Amino acid sequence: MEPRILYNPLHGQKCIVQTTSWSQCSKTCGTGISTRVTNDNPECRLVKETRICEVRPCGQSAYSSLKKGKKCSKTKKSPEPVRFAYAGCSSVKKYRPKYCGSCVDGRCCTPQQTRTVKMRFRCEDGETFSKNVMMIQSCKCNYNCPHANEAAFPFYRLFNDIHKFRD
């Protein structure tokens, strides 16, 4: 792929755009965060971006929907449209998200392809705000399970935010 180059006419400088991949979601179930670093902005400054993520709802029954002889149920779509909840507020629109399923052979099921959606939230007091949210497109079963690092993150702070996620 050709590198993308930004030109800032104000400062008369060129900049090669660099963006890391999104990190794994910080939680195996429930709401977590995913981060990346990019300089894809007019100032060409490296900034850390965050997005809300949910690999699977907590309490999801692991193997109930596996067909006989199958080892994995990779991706599950929400049976009905749902509103996302964040910091006591809910998404303005309803969505039918996909979640990662389960693997019965010692592997873990993690997102393989995702996209980021700017989601609008409304609180009970009428205040609205937008947050980036990960939407899963596909999942895969693998032996490289990132979940061992969960204990390293007792709480999460999103930039410019006062809400904390606790175990």
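This is a predicted model: local features need pLDDT of at least 70, side-chain atom pairs count only at pLDDT 80 or more; totals for chains, interfaces and linings use all residues.
## Cavities in the structure

A search of the whole structure identifies three cavities of 30 Å³ or more. The largest cavity has a volume of about 50 Å³.

## Lining of the largest cavity

Eight names make up the lining of the largest cavity: Glu54, Phe84, Pro97, Lys98, Tyr99, Met134, Met135 and Ile136. Two elements, strand E8 (98–103) and strand E10 (128–142), each give two or more residues to this lining. The most comes from E10, which gives three residues.

By residue class, the lining of the largest cavity divides into six nonpolar and two charged residues, with no polar ones.

## The setting of Ser91

Ser91 belongs to strand E7, which covers residues 89–91. Ser91 has a relative accessibility of 1% and therefore counts as buried, the cut-off for that class being under 20%.

Beyond its neighbours within four places in sequence, Ser91 is in contact with Arg83, Phe84, Met119, Arg120 and Phe121. One of these residues, Phe84, is also among those that line the largest cavity.

The side chain of Ser91 reaches the backbone oxygen of Lys93 at a distance of 2.7 Å. From C-alpha to C-alpha, Ser91 and Thr128 are 9.3 Å apart in space, while 37 residues separate their positions in sequence.

Technical notes. Residues are numbered from 1 along each chain as its sequence is written. Side-chain values use heavy atoms; hydrogens and water are left out. On a 1 Å grid over the protein atoms alone, a cavity is a set of points where a 1.4 Å probe fits but cannot get out, and a pocket is an open set with protein on both sides within 12 Å along at least five of seven lines; lining residues have an atom within 4 Å of a point. Grid points are joined across faces, edges and corners, and a volume is the space filled by probe spheres set on the points. Helices (H or I, at least four residues) and strands (E, at least two) are DSSP runs, numbered from the N terminus. Ala, Val, Leu, Ile, Met, Phe, Trp, Tyr, Cys and Pro count as nonpolar, Asp, Glu, Lys and Arg as charged, and the others, Gly among them, as polar. Buried means under 20% relative accessible area, exposed over 50%, partly exposed in between (1.4 Å probe, protein chains only). Contact means heavy atoms within 4.5 Å. A polar contact is a pair of N or O atoms within 3.5 Å; within protein, one must be able to donate a hydrogen and the other to accept it, and residues adjacent in sequence count only if both atoms are side-chain atoms.
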